[in-house]
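Dear colleague,

Please find the structure below, together with its sequence. My notes on the strands, the aromatic rings and the charged side chains follow it.

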Amino acid sequence: MHESTFPVRIFDVDAFGELRTPVLLRFLWQSASDASTAVGYDLEWYERAGTLWIIRRTRVEMLAPIRYRDALTVRTWVADIRRVRSQRRYEVRNGDDRPVASATTDWVYVDLARGALVQPPVEMQRALMPGGVASQPRLPSLAVAPPAAAARGTRRVELADLDTVSHVNNAQYSVFVEQFVWDALAARGWTLDPAPAAARPRLLAHDLEYFEAARYGDALDGAVWVTAIDADRFETDCQLSLRGQRSLHARSTWRWPDAPCPESLRRAVDGLVAPA
């Protein structure tokens, strides 16, 4: 178990006063790096070795709103190492030790020079899992072909979207996914009102599965559709493609607005439901 702490600053929150999704995901990323450093594997070690852990899938659940001035503690540990993959888990608590988020990331270990997946050294495995290396099953892939009725759009990858290895970081993909969802709803008659008290869907969870790296100048083609509607929530799928190849598939869960739900929002969500 490793703990990292993060203050929520004014520029970390959105128009509604809540922590932005990519900021939370970056806190998780930093805590994973801190945990690796704490057992002897810092960024400089990976640079010398020519290797890197890269996230293949992120699942995050928001348990309570996170706001400006909250002091967050991220507790993280490695739950699994098998062959070239490792699963890391996270608990996020605020200053009064109340859980506000939980997450799991599935990483792969990469030889950067060859662009190939490799097994991490045995001594690294033991350092990350001192109680004994264990293996756990993985969830099936999310990816399915978008239906013909899906809303579609395109986004260019900008310089600000890139991370230290010059591709779109897993946290930044959450920005793309959420924007594609808002755009799809707007195209079907509902527009997000950024006023703090406005009725809006609230993000409850993301499941982000990565397939192909996107780089500067790439055009990502997006498809969005609704896969489920319940009394208090609905679920969207968003698939991003790069030159005809799947780059990311995301499944997101949204809660209906706390205030009376605008009829235009319900119609827009209904309009994105894929025919059976």
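Two strands are said to pair if DSSP finds at least two bridges between them. Helices (H or I, at least four residues) and strands (E, at least two) are DSSP runs, numbered from the N terminus. The model is a predicted one: local features need pLDDT of at least 70, side-chain atom pairs count only at pLDDT 80 or more, and totals for chains, interfaces and linings use all residues. Residues are numbered from 1 along each chain as its sequence is written, and side-chain values use heavy atoms, with hydrogens and water left out.

Strands

Strand β1 (residues 2-7) and strand β3 (residues 71-82) run antiparallel and are joined by 6 bridges. Within this pairing, Pro7 has Ala71 of β3 as its bridge partner. Strand β3 is also joined to strand β4 (residues 85-93), again antiparallel, by 9 bridges; here Thr76 is partnered by Tyr90 of β4. The hairpin of β3 and β4 has 2 residues between the strands, and Arg83 takes a positive phi near 55° in it. Tyr90 and Ala101 are 11 residues apart in sequence, and their C-alpha atoms are 8.3 Å apart in space. Ala101 belongs to strand β5 (residues 99-111).

Burial is judged by relative accessible area: under 20% is buried, over 50% exposed and anything in between partly exposed (1.4 Å probe, protein chains only). Ala101 is buried because its relative accessible area is 3%.

Aromatic rings

Rings of Phe, Tyr and Trp (its six-membered ring) pair if their centres lie within 6.5 Å; planes under 30 degrees apart count as stacked, over 60 as edge-to-face and the rest as tilted. The structure holds 9 aromatic pairs. One of them is formed by Phe6 and Phe27, which are stacked at 4.5 Å centre to centre with 10° between the planes. This pair links distant parts of the chain, since Phe6 lies in strand β1 and Phe27 in helix α1 (residues 21-38), 21 residues apart. Both Phe6 and Phe27 are buried. Trp182 and Trp190 form a tilted pair, at 6.1 Å centre to centre and 50° between the planes; Trp182 and Trp190 are buried.

A charge sits over a ring if NZ of Lys or CZ of Arg is within 6 Å of the ring centre and within 35 degrees of the ring normal. Arg200 lies over the face of Phe16 in this way, 3.8 Å from the ring centre, and the charged end of Arg246 sits over the ring of Phe211, 5.5 Å from its centre.

Salt bridges

A salt bridge is a side-chain nitrogen of Lys or Arg within 4 Å of a carboxyl oxygen of Asp or Glu. By this rule there are 19 salt bridges. Among them is the bridge between Asp12 and Arg9, whose closest N and O atoms are 3.0 Å apart. Asp12 is buried because its relative accessible area is 3%, whereas Arg9, at 36%, counts as partly exposed.

Asp237 and Arg251 also meet in a salt bridge (2.7 Å, N to O). The pair links distant parts of the chain: Asp237 is in strand β10 (residues 233-242) and Arg251 in strand β11 (residues 245-255), 14 residues apart. Asp237 is buried at 0% relative accessibility, and Arg251 is partly exposed at 25%. Finally, salt bridges that share partners join Glu18, Arg67, Arg200, Arg202, Arg255 and Asp258 into one network.

With kind regards
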